[in-house]
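Reader: I am new to this structure. Could you show me how to read its features, one at a time?

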Amino acid sequence: MRGEILGVERRRNWGDDKKLAIVSSVGVGGASVTQVAQRHDVTRQQIYAWRHELKRKGLWSPDAGALFLPVDAPSISDLPAMTNPAPAVWIELRLTKGRVLRFESDIDEKALTRLIRAVDGA
C-alpha cells in the first residue's frame, strides 16, 4: 500500500483579540461577511461561529461601536394638531330580489338614498 502526501494540513489558532478584530471588521466600509472571510482566508461560517462564541464570552456586542447623536426635534405640544378622520370602511347592503349594494361608510346621506332608490327600482 502506497500513500501520497498532497499537502500540509493548515490548522491555525486564532486568539480572541484576532477573532474580535475580524468579526468587528464586518460592515466597516460596507464590507460583507463574505468579503471579510475571503480577506482573512476563512469561511463565512467561521466568522458566524466566532461571533456567537465572542457573544457568549461577553467580548462582542452587536451594538459595539454604535454612535448615538442627540436629535433636536420639536415636542409633541409644539406640533400642529392634526385630526385624522376615521378611515372609510366598505358596507354591504342586501336589497330585495338578491341585489347587493356596496358603498363606503363616508358616502353622503343624500347620495346613498338616491343610490338605494335607483338600484331598488331597477
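Reader: Where does Asp-41 lie?

Author: Asp-41 sits in the loop between helix 2 and helix 3. Keep in mind that this is a predicted model.

Reader: What is the phi of Asp-41?

Author: The phi of Asp-41 is near 55 degrees, which is a positive value in a residue other than glycine. Asp-41 follows helix 2.

Reader: Is Asp-41 buried, partly exposed or exposed?

Author: Look at the relative accessible area. Buried means under 20%, exposed means over 50%, and partly exposed lies in between. Asp-41 has 43%, so it counts as partly exposed.

Reader: Let me step back. How many helices and strands does the protein have?

Author: The protein has four helices and two strands. Along the sequence the pattern reads α-α-α-β-β-α.

Reader: How much of the protein is buried?

Author: Of its 122 residues, 16% count as buried. The exposed surface comes to about 10,600 Å². Carbon and sulfur atoms supply 54% of that surface.

Reader: And what share of contacts joins residues at least 24 apart?

Author: Take the contacts between residues at least 6 apart in sequence. Of these, 33% join residues at least 24 apart.

Reader: Now helix 2. Which of its residues are buried?

Author: Helix 2 covers residues 33-40. Its buried residues are Val-33, Val-36 and Ala-37.

Reader: What covers the buried residues of helix 2?

Author: The cover includes helix 1 and helix 3.

Reader: Helix 2 also holds His-40. What does His-40 touch?

Author: Set aside residues up to four places away in sequence. His-40 then touches Arg-12, Trp-14, Lys-18, Ile-22 and Ser-25. One of these, Ile-22, is 18 residues from His-40 in sequence. Their C-alpha atoms are 7.8 Å apart in space. His-40 has 21% relative accessibility, so it counts as partly exposed.

Reader: Next, the packing of two helices. How are two packed helices described?

Author: By the angle between their axes and the distance between the axes. Here, take helix 1, residues 16-24, and helix 3, residues 44-57. They pack at an angle of about 115 degrees. Their axes are 10 Å apart.

Reader: Is the crossing of helix 1 and helix 3 left-handed or right-handed?

Author: The crossing of these two helices is left-handed.

Reader: Which residues of helix 1 and helix 3 meet?

Author: From helix 1 come Asp-16, Lys-19, Leu-20, Ile-22 and Val-23. From helix 3 come Ile-47, Trp-50, Arg-51, Glu-53, Leu-54 and Lys-57. Sorted by class, this contact has six nonpolar, no polar and five charged residues.

Reader: Let me pick Lys-19 from helix 1. Is Lys-19 buried or exposed?

Author: Apply the cut-off again: under 20% is buried. Lys-19 has 10% relative accessibility, so Lys-19 counts as buried.

Reader: What is Lys-19 in contact with?

Author: Leave aside the neighbours within four places in sequence. Lys-19 is then in contact with Trp-14, Trp-50, Glu-53 and Leu-54.

Reader: What is Ile-47 in contact with?

Author: Again, skip the neighbours within four places. The contacts of Ile-47 are Ile-22, Val-23, Val-26, Val-33, Val-36, Ala-37 and Val-42. Among them are the buried residues of helix 2: Val-33, Val-36 and Ala-37.

Reader: How far apart are the C-alpha atoms of Ile-47 and Ser-24?

Author: They are separated by 9.9 Å. Along the chain, Ile-47 and Ser-24 are 23 residues apart.

Conventions. Residues numbered from 1 in each chain as written. Predicted model: local features only at pLDDT ≥ 70, side-chain atom pairs only at ≥ 80, totals over all residues. Heavy atoms only, no water. Axes fitted to C-alpha atoms, helices over the stretch in contact; angles between N-to-C directions. Left-handed = near helix turned anticlockwise from the far one by under 90°. Contact = heavy atoms within 4.5 Å. Nonpolar A, V, L, I, M, F, W, Y, C, P; charged D, E, K, R; others polar. Buried < 20%, exposed > 50% of the residue type's maximum accessible area, 1.4 Å probe, protein only. Areas by Shrake-Rupley, 256 points an atom, 1.4 Å probe, with all protein chains shown as cover.
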